[in-house]
Amino acid sequence: MQKDPVCGMQVDPAKSVGSSEYNGKTYYFCSASCKQKFDRDPKQYAK
Ligand SMILES: [Zn+2]
């Protein structure tokens, strides 16, 4: 399981609705809106 960096939910990468790469790391999201928020301002969410 991976942590959705936007809302903090645990996300199964196989079932995630989307993923984004940032700084060489892949992030997975529980919903399209979480992915959109991340893509808009990844540095705010990426650790
Ligand atoms: Zn989420």
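**A strand pair, a core and a helix**

Author: Start with the strands. S3 (residues 18-22) and S4 (residues 25-29) pair in the antiparallel sense, over 5 bridges. Keep in mind that this is a predicted model.

Reader: Okay. Which residue is the bridge partner of Tyr22 in S4?
Author: Lys25 is the partner of Tyr22.

Reader: And how many residues sit between S3 and S4 in the hairpin?
Author: There are 2 residues between the strands of that hairpin. Asn23 is in the turn. Its phi is positive, about 55°.

Reader: Is Asn23 buried or exposed?
Author: Exposed. Asn23 has 9 other C-beta atoms within 10 Å, and 12 or fewer counts as exposed. Asn23 lies in the loop between S3 and S4.

Reader: Let's zoom out. How many helices and strands does the chain have?
Author: The chain has 2 helices and 4 strands. From the N terminus on, the order is β-β-β-β-α-α.

Reader: What does the C-alpha trace span?
Author: Along its principal axes, the trace spans about 25 × 20 × 15 Å.

Reader: How much of the chain is buried?
Author: Buried residues are 21% of the 47 residues.

Reader: What about contacts between residues at least 24 apart?
Author: Take the contacts between residues at least 6 apart in sequence. Of these, 25% join residues at least 24 apart.

Reader: New topic. Which residues make up the largest nonpolar core?
Author: There are 7 residues in this core: Val11, Tyr27, Tyr28, Phe29, Cys30, Cys34 and Phe38. S4 and helix H1 (32-40) are the elements that give two or more residues to this core. S4 gives the most, with 3 residues.

Reader: What does Val11 touch?
Author: Leaving out residues up to four places away in sequence, Val11 touches Met1, Gln2, Asp4, Ser16, Tyr28, Phe29 and Cys30. Tyr28, Phe29 and Cys30 are also among the core residues.

Reader: And Tyr27, where is that?
Author: Tyr27 is in strand S4. Tyr27 is buried, because 26 other C-beta atoms lie within 10 Å and the cut-off is 20 or more.

Reader: Which residues does Tyr27 touch?
Author: Not counting residues up to four places away in sequence, Tyr27 touches Pro5, Ser19, Ser20, Tyr22, Phe38 and Ala46.

Reader: How far apart are Tyr27 and Ala46?
Author: Along the sequence, they are 19 residues apart. In space, C-alpha to C-alpha, they are 8.4 Å apart.

Reader: Now H1. Which of its residues are buried?
Author: Cys34, Lys35 and Phe38 are the buried residues of H1. Seen down the axis of H1, they fall within an arc of 100°, so they line one face of the helix.

Reader: What do the buried residues of H1 pack against?
Author: They pack against S3, S4 and helix H2 (42-45).

Reader: And which exposed residues are on the face turned away?
Author: That face of H1 carries the exposed residues Ala32, Ser33 and Arg40.

Reader: Why does Ala32 count as exposed?
Author: Because Ala32 has 10 other C-beta atoms within 10 Å, and exposed means 12 or fewer. Ala32 touches Val17 and Gly18, not counting residues up to four places away in sequence.

Reader: How far is Ala32 from Tyr45?
Author: Their C-alpha atoms are separated by 15 Å. Along the chain, Ala32 and Tyr45 are 13 residues apart.

Reader: Last one. Where is Gln10, and what does it touch?
Author: Gln10 is in strand S2 (residues 10-11). Gln10 touches Met1 and Lys3, again not counting residues up to four places away in sequence.

Reader: Is Gln10 buried or exposed?
Author: With 10 C-beta neighbours inside 10 Å, Gln10 counts as exposed. The C-alpha atoms of Gln10 and Cys30 are separated by 8.0 Å, with the two residues 20 apart along the chain.

Methods. Residues are numbered from 1 along each chain as its sequence is written. This is a predicted model: local features need pLDDT of at least 70, side-chain atom pairs count only at pLDDT 80 or more; totals for chains, interfaces and linings use all residues. Two strands pair if DSSP finds at least two bridges between them. Two residues are in contact if their C-beta atoms, placed from the backbone, lie within 7 Å. A nonpolar core is a set of buried Ala, Val, Leu, Ile, Met, Phe, Trp, Tyr and Cys residues joined through C-beta atoms within 7 Å. The arc is that of the directions from the helix axis to the C-beta atoms.
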